[in-house]
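Student: Could we go through this structure together? I would like to begin with the place where the chains meet.

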Number of protein chains: 2
Amino acid sequence: MRILLVGANGLLGRAVHATLTEGAGGDEVVTASRSSGEPVDLTDAASIAALYSRVGTVDAVACTAGVTPFAPLPELSLGQYQAGLTDKLLGQIALVRLGLDHVTDGGSFTLISGILGEDPIATGSVAATVNGGLYAFVRAAAIELPRGLRINTVSPTVFTEAWDDYGPYFPGYPPVPVADAARGFVKSIAGRQTGQVYRIGY
Amino acid sequence: MRILLVGANGLLGRAVHATLTEGAGGDEVVTASRSSGEPVDLTDAASIAALYSRVGTVDAVACTAGVTPFAPLPELSLGQYQAGLTDKLLGQIALVRLGLDHVTDGGSFTLISGILGEDPIATGSVAATVNGGLYAFVRAAAIELPRGLRINTVSPTVFTEAWDDYGPYFPGYPPVPVADAARGFVKSIAGRQTGQVYRIGY
C-alpha cells in the first residue's frame, strides 16, 4: 500500500513509520509534517490541498499530528481553546474532507486522538474537548464516506517513552509503549473496520 | 435560585423556562438570547462578557442555544465545520469560561449537546463533532472548576414537537417530549452531580 503519514517527525509518527515499513512486505510511506518530508500545516487548508496535489493518490492517510495547549481551566484563554480546536480537531477534519478524492476505494483515514477525551486530567480540558470531538467525528463520518472509504481514530494513553516529561500530569495512569499505538494505526489501515475508537493502553 | 437561561427563545429554552418557573417555589430566571430578553451572541466573547456584567451573580447558568450546519459530509465546507465549532462548542465553552466569577459557590453550568455525538445520522457530522466535544468538555471541566462549581450537559434525542420537521432525518429514532429534556436541566441545576452527560430519550 501507499500511505500518506502526516506528523511523521514526532515520537508517534516515527513509530508508525517504522512499523509500516518494516520487513519485506513493507508499505510505501510518504511522510509529511511541519518540519520535514512533504511540508504541511494542518491549520492551513491551502497547505493541505497542496499536499494532496503533490502526493496524488494513496491507499491510506494516517495522522499523528495535532497540538493542544495545556493549562488550568481558569487560566485558559478562549484563544487557547480556539487554537486547539483549529489545529488538532479542525486540522484533522480538513485532512479528511480535502482528501476524499485522493484515497483509493476502500482506503482509510486514521486520526490521532487520546485518552483525555474520556478520562481527563487537570490542565487537559482543551485536549479533552478536541479528543471527544474526534471520537464523534469518526463515528459520524464513517456512515457517510463514499466508495467504501473508512475512518478510525487511535486513542492512546501517555507513552512510556514520554513518561519522564508527562508522567507527573498522569498520576496513576499506566503508560504504554508507543509501538502499541503504532499497531493501532496498522489495525485501522490494514483491517476492514470503520467508525472505531481504538483505545491503546487503557 | 437565580438562573441565567441562554437560548430562552427556542423550543427547548421555552420548556426549560416553564419548568423552572412553575409553581410557588419557582426560580427567578433571567432570559437571554440573540433575539429576546438580554441580548447575547455566543460567537462574540465581548457580548458574553457584557451579558454577565449586566446580569451580575447567578446560582446557575443554563444554555439551550447553539447552531450547527447539516449537510452530507462530501458537501460540507471547512467553513461550515468551523461555524459549528465556533457557535455551539466554543460559544458554550466561552459561557463557562467567562462566567466563572459570576456563579455562586456550588452553582452550576448546564450545556446543551445532543444524541448525534454518539449515535450519528447522515448529514450530521458537524453536530456529532460538536456534541462529542461537549461531552468531553464537561467531564474535563468538572474536575477543575473552583468553589464547588458544577457542570453537566443535557443530551436529548429529537423532540416530539419537532418531529414533523426532523423526523425524516432520524429513521427509527423514538422522539422524546421536550419537557423531558427540560427535566434534565432541573436535575443538573437542583441536584449535586457534576461531569455528567444526561441522555434524554435514548
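Predicted model: local features only at pLDDT ≥ 70, side-chain atom pairs only at ≥ 80, totals over all residues.

Student: How many salt bridges are counted between chain B and chain A?

Tutor: The count between chain B and chain A is 0 salt bridges.

Student: What area is buried between the two chains, and what part of it comes from carbon and sulfur atoms?

Tutor: About 3100 Å² is buried between chain B and chain A, and carbon and sulfur atoms give 72% of that area. Within chain B, the residues that lose the most area to chain A are Leu73(B), Leu78(B) and Glu144(B), which together make up 22% of what that side buries. In terms of contacts, 38 residues of chain B meet 38 residues of chain A.

Student: Back to salt bridges. How many are there over all chains?

Tutor: The count comes to 14 salt bridges over all chains. One of them joins Glu118(A) and Arg199(A), with the closest N and O atoms 2.8 Å apart. That pair links distant parts of the chain, 81 residues apart: Glu118(A) is in the loop between strand 5 and helix 4 (125–142) of chain A, and Arg199(A) is in strand 7 of chain A.

Student: What does Asp87(B) pair with?

Tutor: Asp87(B) forms a salt bridge with Arg34(B), and their closest N and O atoms are 3.0 Å apart. Asp87(B) belongs to helix 3 of chain B and Arg34(B) to the loop between strand 2 (28–33) and strand 3 (38–39) of chain B, so the pair ties together parts 53 residues apart in sequence.

Student: What about Glu38(B)? What is its salt-bridge partner?

Tutor: Its partner is Arg54(B), with the closest N and O atoms 2.7 Å apart. Glu38(B) lies in strand 3 of chain B and Arg54(B) in helix 2 (residues 45–55) of chain B, so this bridge connects parts that are 16 residues apart in sequence. Glu38(B) counts as partly exposed at 25% relative accessibility, and Arg54(B) counts as partly exposed at 42%.

Student: New topic: Gln92(A). Where is it found?

Tutor: Gln92(A) is found in helix 3 (residues 78–97) of chain A. At 0% relative accessibility, Gln92(A) counts as buried, the cut-off for that being under 20%. The side chain of Gln92(A) reaches the backbone oxygen of Lys88(A) at 3.0 Å. Beyond its neighbours within four places in sequence, Gln92(A) has contacts that include Leu42(A), Cys63(A), Asp87(A) and Leu134(A).

Student: Now helix 6 of chain B. How far does it reach?

Tutor: Helix 6 of chain B (residues 178–190) has 13 residues and reaches 19 Å from first C-alpha to last, close to the 18 Å expected at 1.5 Å a residue.

Student: Which residues of that helix are buried?

Tutor: In helix 6 of chain B, the buried residues are Val178(B), Ala181(B), Ala182(B), Gly184(B), Phe185(B), Ser188(B) and Ile189(B). They lie on the same side of the helix, because they cover an arc of only 145° around the axis. On the other side of helix 6 of chain B, Arg183(B) and Ala190(B) are exposed.

Student: What covers the buried residues?

Tutor: The cover for helix 6 of chain B includes helix 1 (11–21) along with strand 1 (2–6), strand 4 (58–63), strand 5 (103–112), strand 6 (150–156) and strand 7 (196–200) of chain B.

How values were computed: Residues numbered from 1 in each chain as written. Chains lettered and ligands numbered in written order. Heavy atoms only, no water. Helix = DSSP H or I, 4+ residues; strand = E, 2+ residues; numbered from the N terminus. Expected span 1.5 Å × (residues − 1). Buried < 20%, exposed > 50% of the residue type's maximum accessible area, 1.4 Å probe, protein only. Arc of directions from axis to C-beta. Contact = heavy atoms within 4.5 Å. Buried area = accessible area lost by both parts, 1.4 Å probe. Salt bridge = Lys/Arg side-chain N within 4 Å of Asp/Glu carboxyl O. Polar contact = N/O pair within 3.5 Å; in protein donor to acceptor, adjacent residues only side chain to side chain.
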